[in-house]
Structures are given as structure tokens and as C-alpha cells.
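Please look through the following briefing with the model open beside it. The points are grouped by topic.

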Amino acid sequence: MTDRVYNFSAGPATLPLPVLEQARDELLAYPGAGASIMEISHRSKIFAAVLEEAKSNIKTLLGLTDNYHVLFAHGGASMQFTMLAMNFLLGSTADYLLVGSWAAKAIKDGGRFGETHIAWSGKDEGFKRMPEDNELDLDPSAAFVHFTSNETIEGIQFPKEPESNGKPLFCDASSDFLCRPIDVARYGLIYAGAQKNVGPSGTAVVVLRKDMLKRATDNLPPLLDYRVLADNDSLYNTPSTFTIYLIALTTRWVLKEIGGLKEMEAVNTQKARMLYGVIDESDGFYRGHAAPQSRSIMNITFRVGTPDQEKTFLEQATAAGLDGLKGHRSVGGCRASIYNAMPVAGVEALCQFMREFKRTQG
Ligand code: PMP
């Protein structure tokens, strides 16, 4: 595997090597199918077992009771901005926490269907931190509280769930899904574009508390109706079968190889500490974007020396097999995305490169 680089891309992102190897080995003939998993019916027994495993791994990892549906929706996380608002915001109000670029999009899209009350905004501070509970201006009439648990572009993350005054939390967990345990009973809805922590792009994993469906809008277009998705076990139409297969393998890897979300969190925290350590010890040569209490353990955002040095840094890193470190086009700088599948060795290699770059250029 000498031609595989360490891929720090924010998404689509690196997947666990054993998962890719298994997918490669099974690509032409899935065991018992005599064909690729992507060539057989989504209503076949073989695919039904794959779908069941993907759901049951996610249930086990999150400790979900039977109160929750695990669904697979088309259109990635962006479609969920609209879908959740059509289902649960039409004609009502919800609290939204404006914590970064993705929250802003969720608010804009939600606002087409109902009242999006901004309970807190980090915009004036440049989205450097998440709010404290006592800063939230929650609306007593809100149907739910929407937050983005990890802002991928800015590299900030909630250390724990925000206060919601007993209202269900609705969470865009696209870039930190299954990275650590969560207090799942507080959530009405969790959604995540698959392409960071669980698989390829184009599909959103949706965890929905069943009682929420009683409040959902009637007669929506079927593919945008959670009831239709739930009633049909995500098989109303043809789902992205290959994606669901990879989600099954990736979640199996977290469960069996890593050991669960506590263990996953320990590895993720270790990797993040290593990188923030290099930033903090660099006498300002590397400058982190996030306030220390809101530092993401998934996306580490930082600037390097002068603009010229930053350019050289990115070029030399790529040449050294450390790829995808350029920050999002909207904010610039550098970003190391170290999702679940990024091995500790990859982070070690990046830390070593950063120390050496500072020694020679700083
Ligand atoms: N929310 C967050 C936090 C994200 O990071 C992303 C993708 N980078 C999205 C939403 C949008 O996801 P998708 O491209 O699957 O629509």
C-alpha cells in the first residue's frame, strides 16, 4: 500500500484501510451473491442483511433503545437542513445555534419553512468558540433546539450537548458522528452526511426518535417525508446500496476493531492532543483558530508563519505524503481532519513534519 498517502481531507475523507481492503476483496462477488453488492436488488435477502447490520451497529454504538429509527436518506446532510424543517418547522419556531458556516446554512434553509430563532451567534467573534449554556437565549415556544456539534470549516466542537430546556435536540453531527459517546436520550434527531466518519458521500445517516413522527407535517413529497422513510425501512425507493454496505463495514470496524465509542473517543482525543500540542509549543509559528475550550477533536484549523511559509508548508506536506491539509476555501489557512479512520501513525507523521518545518523555516 505504498501509494496511499495520509489523507487529511475534510470530506470525503479517509476510510479505515481494513474496510477498503474488504470492499476490494468483495467487489466482484459478495459472499453468497455471485455478484457485487452494488449489482443485486435492494430488496434481496443479502442486501436486507447488510442494511440490518448497518442499522444495528449504529444502534449498538450509540446505545439506542427501540425508541429510535436509524434511517438512510438521499442528498447528504444539506438535504437534511430542508427535510427536517419541512417535517418539523413548518408553521412553528425552533431555536438554532449559529456556531459556524454549516449552522448558517441550516438556518438559511430552515428559514424557508418556519421561524428560525437564533438563540446564540458566534458570528461577530469569527466562530472561534461554542457557547456556554448560560449564554443561550432559548425561546420557550421552540419546537426543538438545532445545533451543529462540530463545525467542520472552523474546527470548533461542543464539549457536550448544549442546554435545551427539555426540548429535543436536533443535531447536525456530520463531522463528528460516532467519534465519542453522546447523551442520546436528549436528541430528537441526529443527522450526518456519511462521508466523514462512516462511508462515501451522498447519503445522510438519520437517527430519529420515534415519537417525533407524531408531530411531522403530513403529505410531504415522499422522499422528504421521514414517515415514508421510516415506514419503508429506508427502502421507499432504491437507496445507495453500496454506501450502506460501506457504512455497515465501517461501523463494524468501530465496534469490533476499536471496541466502541468510548475507545474511539480515547484514540481521537489522543490524536487531537498531539496536534494541538505541536501548535501550542510553536511560539506562535502555528496559530490555532479555535478557542481552547472549543477545540475540535476532528478538524484542527491553524495558520502557519507568513502567507508564503503557509504556501510552502502545504506544498511540502503534500510532497511528503500528507495530503488534504488546505483549509476550506471560505476561510483559508490549514486544516487537518483527523476523523475516526485517521491512524495515530498519520498524526504522528504530521506532527513530525510540522516540528521539522518550524525548525527549518520558523
Ligand atoms: N454539515 C456539516 C457539519 C458538514 O461538514 C457538511 C459537509 N462538509 C455538511 C453539513 C454538508 O454535507 P453534504 O455535503 O453531505 O450535504
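Serine 282 counts as buried because its relative accessibility is 2%, below the 20% under which a residue is called buried. The model is a predicted one, and in it serine 282 sits in the loop between α7 (261–280) and β11 (286–288). From there, the side chain of serine 282 reaches the backbone oxygen of isoleucine 279 at 2.8 Å.

**Ligand surroundings**

- There are 13 residues around the ligand, and those that come nearest are Ser78, Thr152, Asp172, Gln195 and Lys196.
- Threonine 152 places a polar side-chain atom 2.4 Å from an oxygen atom of the ligand, while an N or O atom in the side chain of tryptophan 102 is 3.4 Å from an oxygen atom of the ligand.
- For lysine 196, the distance between an N or O atom of its side chain and a nitrogen atom of the ligand is 2.9 Å.
- Taken on its own, the ligand has 400 Å² of accessible area, of which the protein covers 85%.

**Salt bridges**

- The count of salt bridges comes to 16.
- Arginine 24 pairs with aspartate 25 in a salt bridge whose closest N and O atoms are 3.1 Å apart, and both arginine 24 and aspartate 25 are exposed.
- A salt bridge also joins the side chains of arginine 252 and glutamate 53, at 2.8 Å from N to O; this pair links distant parts of the chain, with arginine 252 in helix α6 (residues 241–258) and glutamate 53 in helix α2, 199 residues apart.
- Arginine 252 itself counts as partly exposed, because its relative accessibility is 28%.
- The side chains of arginine 112 and aspartate 109 form a salt bridge at 3.0 Å, N to O, in which arginine 112 is exposed with a relative accessible area of 57%, whereas aspartate 109 is buried with a relative accessible area of 16%.

**Cysteines**

- The structure holds zero disulfides, and for cysteine 179, which is in no disulfide, the nearest cysteine sulfur is that of cysteine 171, 10 Å away.
- Cysteine 179 is buried, its relative accessible area being 0%.
- The sulfur of cysteine 351 is too far from any other for a bond, because the closest cysteine sulfur, in cysteine 334, is 14 Å away.
- Cysteine 351 likewise counts as buried, at 3% relative accessibility.

**Buried polar residues in a strand and a helix**

- Threonine 148 belongs to strand β5 (residues 145–148) and counts as buried, at 1% relative accessibility.
- The side chain of threonine 148 makes a polar contact of 3.5 Å with the side chain of glutamate 151.
- Asparagine 57 is part of helix α2, and with 6% relative accessibility asparagine 57 counts as buried.
- Between asparagine 57 and serine 164, which are 107 residues apart along the chain, the C-alpha atoms are separated by 28 Å.

**Nonpolar surface patch**

- On the surface, Leu27, Leu28 and Met38 form a nonpolar patch, and together these residues have about 320 Å² of accessible area.
- Leucine 27 lies in the loop between α1 (17–25) and α2 (45–62), where leucine 27 counts as partly exposed, because its relative accessibility is 35%.

Note on methods
Residues are numbered from 1 along each chain as its sequence is written. This is a predicted model: local features need pLDDT of at least 70, side-chain atom pairs count only at pLDDT 80 or more; totals for chains, interfaces and linings use all residues. Side-chain values use heavy atoms; hydrogens and water are left out. Patches are made of residues with over 30% relative accessible area and no salt bridge: like charges are joined within 9 Å, nonpolar side chains (Val, Leu, Ile, Met, Phe, Trp, Tyr) within 5 Å. Accessible areas come from the Shrake-Rupley method with a 1.4 Å probe; for residues, only the protein chains shown count as cover. A salt bridge is a side-chain nitrogen of Lys or Arg within 4 Å of a carboxyl oxygen of Asp or Glu. Helices (H or I, at least four residues) and strands (E, at least two) are DSSP runs, numbered from the N terminus. Buried means under 20% relative accessible area, exposed over 50%, partly exposed in between (1.4 Å probe, protein chains only). A residue is near a molecule or strand if one of its heavy atoms lies within 4 Å of it. A polar contact is a pair of N or O atoms within 3.5 Å; within protein, one must be able to donate a hydrogen and the other to accept it, and residues adjacent in sequence count only if both atoms are side-chain atoms. A disulfide is a pair of cysteine sulfur atoms within 2.5 Å.
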